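Subject: A structure for you to look at

Hi,

Here is the structure I promised to pass on. Have a look at it first, and then read my notes below.

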Amino acid sequence: MSDEVLLSGGEWRLWREFALRGPGFPASGVLRLAPFGLAEAADGFAEDARLTGPEWLAFEERFADAMVGNVKELQEIAALPAFQAAVAWQNPALLQRGIGLFLAWDPSAEGRTSKRREREELVAHYWQRFCVKNDTIGFFGPVGWGRWDESVDGMAVEPGSGLVAESNVYFSSWAVDAVALTVGADPRLRAWIAPRRVSFVRVTGDSVRMPGRPPQRIQPLESEILGRCDGIRRPVEIAAGLDHEVAEDEVLSILDELVRRRLIVWRLEVPTCAHPEHYLRTVLDRIADPDLRRDALSKVAVLERGRDRIQAAGNDAGALSAAFTELETEFEALTQVAGQRAKGTRTAPCRALIYADCRRSATVRIGTAIRDELTPLSLCLTAARWMTGRFAHVVGSRVRQAYERLRDRDGSVDLASLWMECLPAPHGESIADIDRIQRELRDRWARILDVPEGARRVRLSSVDIADRVREEFGETGPSWPQARYISPDVLVVADDAAEVARGNFELVLGELHVAMNTSSTSLWVMQHPDADRLLAETATDFPGPRLLPMLPKEQPPRWSARSRISLDRPEDYYVALVDHTVDPERGRTVLSADVLVEEQGDGLVAVLPDRAEFDVLDVFSNAMTNRVMDRFTLRSLTAHSPRVTVDRLVVARESWSIAVGEMAFVSEKSEARRFVLGRRWRDGLGLPRFVFVVAPGEPRPFYVDFDAPVYVNIFAKAVRRLARRDPGGRLVITEMLPSPEQVWLTDDEGGRYTSELRFVAVDQSAR
C-alpha cells in the first residue's frame, strides 16, 4: 500500500488522516417538526385562490391543531437530557429563563402568545443546529477522525461505543488571563515575575528604537538591565548577572522606569496553550515565600474547583447549569470581570469561562472509489493555488515598497519596523487586492464553465475542462508556506456507506479553506488519539524548520486559542511581532526587533539572530491567510446560480440571492397565511424543501424546512430583522445537499448523522 494519497496528476497529496465533522444528534430529529400532511394541505389552495371561505377556515383550524402538536413535539425535544445538556454548555442561564418556562406551559391554540412562540422558535433554532449543522464543539459537535485505506472498496464506518469516545474540558484563555491579572496585582509578587522586552523595541548602543518614533537615549545600566529582560530571569537573577554589583532595590526602580517608558512588560503573563491554568500554577509554584505562594495559588484553585464541578456534572443539565453559575459567581467576585462575555461581532469565540471538546466514537475509512472521483477537486485546488500565488505577488510587491521606504530613511530595516509600516497586516491595500483577484478568479471560472443562461443543472466532464483550467490557472508563482495547504470539505451523498462501494453515490464540495490546514489547530490536535501521526504528516510537508509568527490569543470574530496552530516542532522558530504569546522559555523564540530584513536577489529575507534565513512573507503568512481563506468561489452572487457537477463532484450547489423586498409573505401576521404564501413563494422560485440561509447580521447559516411552519417562522423573522437594518439587503439561500434523508454516518444504535469529510491537501509542486 502506497504511503501517499495523490490526486490525479500527482500535484496534490492528501493527508492520510482526515477530519470527520458532524453534529451530535441524528438528522431525523428536524423532520419531527414538519406536521404530517400539513404541507400538502397548504398546497391544495390554487395559486390565485383567495384564502377565505369555509375551506380556508377548516385549514386554519387544522393548522392551529398542528402547531399545538408541534409545541408538544418541541417540548419532548426540550425535555431530552442531552438537549438540555447541550443548551447548558451553550447558555446555562437559558435553561431556566427560556427552556424551563417553555416546558412548564400546557400548550393550546389560544395560549400561543408571541412570547411563547419565541420560545418555540428558540428550541427549534437550537435543534436545527444540533441536528444538521456540522459544527465542532462539545458532545453536540464532536471531533471525528478518519483515514484513507486502499483495502476498503468504498467507505467503512466503525461506529464505536456510544457517541463520544473521549471528552475534555478547557478554560478559555481570557478567563485564566483575568485570574493572572488579579494574582499579579499583589505588589509582593513583582520580585517573582520575570520582565520581558517589548517585542518591537530594538536596542542599539546607547539608544532604543521603536517603529514610528525617534530614538530614545538610555543609560548604560538601563541598557544592561533591558538586555536581560527576556521573560525568564526574575529581578534578583537580573541583578546577579550584571557586570557590577547593583542593589536589588535599584534594579526594581529601573525596571519600573522601563515599564513607564513602555520598553518592557512586567506582569504575570500566560502563553497561549491548551491548558493555561497548568502554566499559571507552574509559575506560581516557583514562589519561595510560602504565604505568598499559597495566597496566589488559592486564586487559581477557584478556577480549578469550578472546572472540577463542571466535569463532575457530566451531561446532567441541572448540575451543569448550577456548576456554571457557581463558577461564574466566584470568578466575578475574584476578578471583577463578567463571567460570560457579551455576544457580538467584536467578541472572539469562547464566550464562557469553560468549554468542552469531544472525540467522536465513530471513525471512517475510505478507499479508491472516492479518491478516483476527486479529479474535479484537484482542478479547484489548482485554481486556489493561482489565487494565492497572485495574492502573494501583490502583497510581496507592497511589502517591498514599504521596505525600500524604511531602507532609504534608516539605512537598515528590522522586522518590527517593516511589520508596523505594513499595518493593517499584511498591507493596508490587501482587502482591495484580494477583492480584485477574487473577481478575476470568478471571471476565469465563468469562461471555463460556460453555464447556459437559465440553466438549473449543469453537468461537465473533468476531461473536457481540464485544459481550460490549466490555461486559466496554470500561471502561478511562489507563495507563502501556509498557502501550500488547502482544507476542502467534501460531503458524500449516499443512502448508506455500503452504497459507495456499489458506485451509488455523489460527492459535494463544501467550503474550500484556502491557505490553511485546519487539522493543525488545537481544536483538532487535542482530540486526536495519536497526534504524533499528524506531526509526521507535517514533517513530510516541511522537513526543515519553519518561521511561524506569534499570533494574538484572540481576534474577533473567529480567532481563539482553539484555533491556534498546534503542530509546531522544536526545530520551528517563533517570532513575536507585537504580541508575545509563546512560552519565553521555549527555544528558537525571537523578537521582531532583533530580526533584520535584507535583500536577497529579487526578494527579501528575514535574518534571525542565529543567522537563519527565511522568506520575509513567512512572517505575514497568517495575515495573508486571513485575507484569502474564504475567498474561493466559482461564481459571483446572482439572483440564481445553478448546481454545477463535474464528473461525480458537485462543485457548486444551487443558490439564490434574494432582496428582502421580494419576500412580502414574511410580513403576514397570520401564521397559517404566512405558511401558505411562503410555500407559494418557494414554488415560484423553484426552491427545494430543505435549504440553508445566510443573512447579513446573523451569526451563522441556518436550516429551513419549508414543510415545517416553525422554520418558516424563523426564516420570516430573520428577513424582517434584515429589512429593518438594511431595506436593500439581500440574503443567500442554498440547497441542502445532502438532505436530512441522505445520511450515511451511523452510531452504534443506528442513528444517522449529517457529516462532512475535511481533507488536508498539500501542494506538491512547491515541495
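Are α15 and α22 parallel or oblique to each other? Before the answer, two remarks on the background. This is a predicted model, where local features need pLDDT of at least 70, side-chain atom pairs count only at pLDDT 80 or more, and totals for chains, interfaces and linings use all residues. Residues are numbered from 1 along each chain as its sequence is written, and side-chain values use heavy atoms, with hydrogens and water left out.

Now the helices. Helices (H or I, at least four residues) and strands (E, at least two) are DSSP runs, numbered from the N terminus. Helix α15 (residues 375-410) and helix α22 (residues 621-628) have axes that come within 11 Å and cross at roughly 125 degrees. Axes here are lines fitted to C-alpha atoms, for helices over the stretch in contact, and angles run from 0 to 180 degrees between N-to-C directions. The two helices are therefore oblique to each other; angles under 35 degrees count as roughly parallel, over 145 as roughly antiparallel, 65 to 115 as roughly perpendicular and the rest as oblique. M387, T388, F391, A392 and V395 of α15 meet M624, R627 and V628 of α22, where contact means heavy atoms within 4.5 Å.

A second pair is helix α5 (residues 94-104) with helix α6 (residues 114-132), packed at an angle of about 110 degrees with axes 9 Å apart. That makes α5 roughly perpendicular to α6. On the α5 side, the contact residues include L94 and F102, and on the α6 side they include L122 and Y126.

Next, the strands. Two strands pair if DSSP finds at least two bridges between them. Strand β25 (residues 649-652) has two partners to look for: β16 (residues 506-514) pairs with β25 in the parallel sense over two bridges, while β24 (residues 643-646) runs antiparallel to β25, joined by three bridges. V650 in β25 stands opposite V508 and also opposite T645. The hairpin of β24 and β25 has two residues between the strands, and D647 there takes a positive phi near 55 degrees.

Enjoy exploring!

Best wishes
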